[in-house]
Amino acid sequence: MGACFRSRRYCACQTHPAWFYGKNPTGSTKGLATATYNVVGVNGHKAGERDIYTGTVKAYFGSGDSGSMTGKLARHTDTLDFAGVKIDNRNGTFASDAARNREGIKGQFYGQNAAALAGIATRGTESRADDISFGGIKQ
């Protein structure tokens, strides 16, 4: 059984340029060791073009109810910054802290011990053309 990220604007079940889907969402991430993920992201990809976002993201889970993330994905001169993204260790999700990160990042960890992650970034705009979907695996 898979998981579908849902909010008022996004769902993998509707036609939308940015979405993610994953199997086996991680529950609690409390107490997991800090992990680094190799991540790729897409926005308006065209076959044969070198227009994929790539980078690493670090998850600091910690022993409390919340953790944090750092790192960047880059495509040419554009970057998606994970500084200020908070992890909810109670359910294995993460989201931008509006006061510290305006990228509109939301996502979920997947697999045993948060082996992977996936999510979307709205870039803080209402334009769907700005949205980026991303996913990655633990190094």
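A residue counts as buried when its relative accessible area is under 20%, as exposed when that area is over 50%, and as partly exposed in between. Alanine 114, with a relative accessible area of 0%, is therefore buried. The model in which these values were computed is a predicted one.

The protein has eleven strands and zero helices, so that the order of elements from the N terminus reads β-β-β-β-β-β-β-β-β-β-β. Of its 139 residues, 40% count as buried. Its accessible surface comes to about 7,600 Å², and carbon and sulfur atoms hold 49% of that area. Among contacts with a separation of 6 or more, 44% are between residues 24 or more positions apart.

The interior comes next. In soluble globular proteins, nonpolar side chains tend to be buried together. Here the largest nonpolar core has 22 residues, and those with the most contacts inside it are Tyr37, Phe61, Met69, Phe82, Phe94, Phe109 and Phe134. Two or more residues of this core come from each of the strands S3 (35-42), S4 (53-60), S5 (66-75), S7 (85-88), S9 (105-110), S10 (116-121) and S11 (132-138). Leaving aside neighbours within four places in sequence, phenylalanine 82 is in contact with Val57, Met69, Thr70, Gly71, Leu73, Asn101, Ile105 and Phe134.

Strand S3 also holds glycine 41, which is buried at 1% relative accessibility. Not counting residues up to four places away in sequence, glycine 41 touches Ile52, Tyr53, Leu73, Ile132, Ser133 and Phe134. Glycine 41 and alanine 121 are 80 residues apart in sequence, while their C-alpha atoms are 9.6 Å apart in space.

One of the residues touched by glycine 41 is Ile52, which is found in the loop between S3 and S4. With a relative accessible area of 33%, isoleucine 52 is partly exposed. Together with Val40 and Val42, Ile52 makes a nonpolar surface patch of about 200 Å².

The loop between S9 and S10 contains asparagine 113 and alanine 114. Most residues other than glycine have a negative phi. Asparagine 113 has a positive phi of about 55°, and alanine 114 likewise has a positive phi of about 55°.

Threonine 26 is in the loop between strand S2 (21-23) and S3, and is buried with a relative accessible area of 8%. Its side chain reaches the backbone nitrogen of tyrosine 110 at 3.3 Å.

Charged pairs complete the picture. Side chains of opposite charge can pair when their charged atoms come close. A search of the whole structure finds four salt bridges. In one of them, lysine 30 pairs with aspartate 65, with the closest N and O atoms 2.8 Å apart. Lysine 30 lies in the loop between S2 and S3 and aspartate 65 in the loop between S4 and S5, so this pair ties together parts that are 35 residues apart in sequence. Both partners are partly exposed, lysine 30 at 41% and aspartate 65 at 40%.

Another salt bridge joins arginine 123 to aspartate 78, with the closest N and O atoms 3.1 Å apart. Because arginine 123 lies in the loop between S10 and S11 and aspartate 78 in strand S6 (residues 78-81), the pair ties together parts that are 45 residues apart in sequence. Aspartate 78 is partly exposed at 28% relative accessibility. A polar atom of the arginine 123 side chain also lies 2.8 Å from the backbone oxygen of threonine 79. Asp78, Glu103 and Arg123 are linked in a network of salt bridges. Beyond neighbours within four places in sequence, the contacts of arginine 123 include Tyr53, Leu80, Arg102, Gly104, Asp130 and Ile132.

Arginine 90 and aspartate 88 also meet through their side chains in a salt bridge, at 2.9 Å from N to O. Arginine 90 is exposed at 56% relative accessibility, whereas aspartate 88 is buried at 18%.

Terms used. Residues numbered from 1 in each chain as written. Predicted model: local features only at pLDDT ≥ 70, side-chain atom pairs only at ≥ 80, totals over all residues. Heavy atoms only, no water. Core = buried A, V, L, I, M, F, W, Y, C linked by side-chain atoms within 4.5 Å. Buried < 20%, exposed > 50% of the residue type's maximum accessible area, 1.4 Å probe, protein only. Helix = DSSP H or I, 4+ residues; strand = E, 2+ residues; numbered from the N terminus. Contact = heavy atoms within 4.5 Å. Patch = residues over 30% accessible without salt bridge, like charges linked within 9 Å, V, L, I, M, F, W, Y side chains within 5 Å. Areas by Shrake-Rupley, 256 points an atom, 1.4 Å probe, with all protein chains shown as cover. Polar contact = N/O pair within 3.5 Å; in protein donor to acceptor, adjacent residues only side chain to side chain.
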